[in-house]
Amino acid sequence: MKFSYNWLKEYFDKIPDYKKVVDLITNHAFEVEEVKKQGSDYILDIKILANRPDCFSYLGIAKELSAILNKKIKLPVAENLTGIKKQGKSFNVEVKDKKLCPRYTAILMKGVRVKESPKWLRQKLEASGLNSINNIVDAANYAMLETGQPLHVFDFAKIGDKNIIVRKAKKGEQITTLDDNKFVLDENILVIADSKDSLAIAGIKGGKKAEITEKTKDILIESANFQQLVIRKGSQKLALRTDSSLRFEHGLDPNLTLEGMKRVVFLIKEVAGGAVEEIADFYPAPIKNWKIKLNFKKVEKILGIAISIQEIIKILQGLGLKIIKKEKDSVLIEVPTLRKDLLLQEDLVEEICRIYGVEKILAKEPMIHAKPVDTNESNYLEEKIRDFLKELKFSEVFNYSFISQTQKNILKYSNHSLVELENPLSSEFQYLRPSLIPNFLDSAKKNLRYFDKFQIFEIGKIFSPNGRKKSIYDVQGIEEKKSMAFLMADKNKKMELDDFRFLKGITETFLQELGIADSWFDDVVPLIQERIIFWHPKRLATIKIQDKTIGQIGEANPALLKNLNIDANIMVAEFDLEELIKISREERTFSSISAFPSVVRDISILVPLEVKIDEVVRKIDQLGGKLISDIELFDIYSEEELFKGKQSLAFRIIFQSENKTLSSEEIDNLMKNIIMGLEKQKDWQVRK
Amino acid sequence: MLSEKELEGISEQFKKEIEKIDSEKTLNEIFNRYLGKKGEITCFFGLIKDLPPKDKQKFGAKLNTLKKDFLEILEKESEKIKEKFNSEKLEKESFDVSAPGHKITKGHLHPVTLVRREVEQIFRGMGFESIEGPEVETEWYNFDSLNVPKDHPARDMWDTFWIKDNNGQKNLLRTHTSPVQVRYMEKHLPPIKIIVPGRAYRHEATDASHEFQFHQVEGLMIDENINVANLKAILLNFFRKFFKKDVEIRLRPSFFPFTEPSFEIDISCMVCEGKGCSACKKTGWVELGGAGIVHPNVLKASGLNPKLWQGFAFGMGMDRLVMMKYKINHIKWFNSSDLRFLKQF
């Protein structure tokens, strides 16, 4: 909110220069976000905190400065309103809901002369960013800026039946505001009305009907208090935020209406003449000051610094708080209704802290309990996984946790499989991601513009609807899980099996690193719609540990990639990270390395295409027995014409014993045994 | 005639000549001259048969020793020449070390991950454990338990993404990492020392330093008497370790419903060292987060007795720390998955 330095100066005999004032306000009260020179004045843009509606005013800021500088404030001259005729003869005020309007003060003034405001008034409004309208409206705005109490002035002649009714709008009721905008209202919006029409949107904006014009002679001034919520919701609903609504929605003190009224009447008399005729003050439940007992020890306990009792009391008094009773180690404070942010001892400590100066509190290390920090096991493993993927040349990416309407359509996600946002930023971020893969594809696409080949991974949360069930975090209806995925993109489309085997190799190494030995790759994949859209129907496996599915690896469906304009091979794996971490075992034991040389033999075999390579490996392993230490597949060849429905597989078999050097005779016998065994299989043929 | 004198003469002569060896060629010449088919030593062997029998054996033995010595010496010379030749050959080779090195592919971790680890490590050194929590939260944990009442304008401080109503549940994307404070205090008794790094979301316009999806790190320390002076010390220690500089911190009065008193955390600008520059809008200070003493209502909502326990909480923009650390000019890079950016870390 903008404040003029020159205006603030008027409340004091003397204050420091603007620079010093800016520093003082920033360090002791509110952040000054910007300072602008304007003629001989400086305009301070002060960020008033949400719990200080009393400071949406010059007097509020002046009081802060008064406390900080420890200087008396010069209060502005105000009209004495005691002894004025009470309402009843000339007009009537009726408040329908005292919860929504706890106080309504109105004054009838007669014989004012509407004209242009004097220069000093115009200048002051302009310095605070308000336009000058005429002397009456300007006086009301001036009083609002100064006291913080929004004021509204009606042309008394235009109020039908001289009845002021504060009520909820009717559904569909229309109003034209002072700036000629039309609004359609509903029951959640409060209006000020006469017997027939609404005259103003309460606390937000005045209406055209009872507008002040040059012809206006008699005026009705409104100084009311409205419940913050009804103003806040009304203002949001109408998308209409005004100087008045801003103050009301932060919750104003009902006792402020009279302060505002006294000042505005004085000002109107000054600039427009006229005389007060009658006053109405609807205030069924007056709010009174309250008391807080402050224990001096509490100050030191919270701040960690000793401040003298004398200093504490000086600060509290400087803030306008009354000392009711002082005891040896405590003091009883009376808080004015204006300061509804002060309810607890802690709130008073904050006041003492900021006025005293936070910078005077010196850093002091806490005394701590010397106990070891618990290691969060799952965090530890997650970090290990990150390092490990990095070692395997994957780069970590972060994506948004959202997917778009378009992604939903392309990947054919059903409505019930996604968590939708009530108020998305745009349709681009409409759903929470159910998997890391959709955004991963975008990552791949973007990066293929600059790189022909790359490997990326991501660890992040994924979300799915959970009906009435609660998640592990006790959040009902939504399941939130940590997922881990990696992707390889390559513009040079190689042999498909090679890519898959590479990915599988990485997956296996990765699982080994996590101490998971008993995983296997299952080609039976659950028939979930989005999986069919996403994956290549054949080049896909489910990763299992015993019977538990922990992830999926495979190739992205070429049709989908074409649809997305991605011209590259994309291999992806996604894992349930939480499950992985649960299963992972860190312990590993060393197995001794044989002192005896290994012997290598190659074997090449023709088998029908439908025979799984794993089956051949297992057969060799079984036939070769204990002396086989490893079997590596080093070539696959399946050219149609040459082999007619068969594939040629070449294996390297490594023999090694723990306790002797193997003789070539021994190996020859083993090989004979293996070859014989393999050839016993139907249509298997060892190539010699 | 074969005589001892003559053998000595040859030996002398040989020793003189080998000093002239400077190449393989001269070496071969000398070898041939003495040990070749017509070499002098070879000739002497031919002369032995003409000697009287008593001398045959003597001269034979002498000649053999001589031959062996000569061979040994020549062998050594040959080694020397080879060595010299090899090193000369290497010297002559032309080689350009300025040729570019091969491009080695390696993996990279996200800068936010790197900075998070560093933050965790520093706080771990001060005894803080790193904790996580859910990103989809209930209204209770994100607001009510943190002393932000329903329909309170304070809620406007956090523009919230709401999840579409599901069976009457009003869930949201957490607007800060603070809910984890309550979740942790519900299950642990003080002394409590945790930090909570994580993602949070706000429904707001984005610019160079604001994203609607961002990273925060929350801190919470609760014991019997943890106070503002302690908060200052922990923050100061952290920033000085993190930036490896003697930065200053400034706490400024602020308002958060969940702390009382509340502060903004500023650190002295590292570009101008507090003198005032464009990076800090001429103030000399850069805002990094908020902090305060945990409000008694939050302790109560977490099941702790505010009469017994007291402590601080703080929250900082992790992205901000990353941007400052690596001098990154725009937050948009973080969620871009752009490898041109990520490969720099």
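## Strand pairing in chain A

Strand β28 (residues 599-608) of chain A pairs with β31(A) in the antiparallel sense over three bridges; strands are DSSP runs (E, at least two residues) numbered from the N terminus, as are helices (H or I, at least four residues), and two strands pair if DSSP finds at least two bridges between them. Within β31(A), Val686(A) is the bridge partner of Ile605(A). The model is predicted: local features need pLDDT of at least 70 and side-chain atom pairs count only at pLDDT 80 or more, whereas totals for chains, interfaces and linings use all residues. Residues are numbered from 1 along each chain as its sequence is written, with chains lettered from A and ligands numbered from 1 in the order in which they are written.

## The sheet and its helix

The order β29-β30-β28-β31 (chain A) describes an open sheet of four strands with antiparallel pairing. Its edge strands, β29 (628-637) and β31 (685-687) of chain A, each pair on one side only. From one strand to the next, the twist averages 30°.

Helix α19 (residues 613-624) of chain A lies across β28, β29 and β30 (646-655) of chain A, at about 145° to β29(A). Axes are lines fitted to C-alpha atoms, for helices over the stretch in contact, and angles run from 0 to 180 degrees between N-to-C directions.

## Contact between the chains

The contact takes 77 residues from chain A and 64 residues from chain B; residues are in contact if their C-beta atoms, placed from the backbone, lie within 7 Å. Elements of chain B that each supply at least two residues to its side include α8 (228-243), β6 (249-256) and β7 (259-268).

Key. Two residues are in contact if their C-beta atoms, placed from the backbone, lie within 7 Å.
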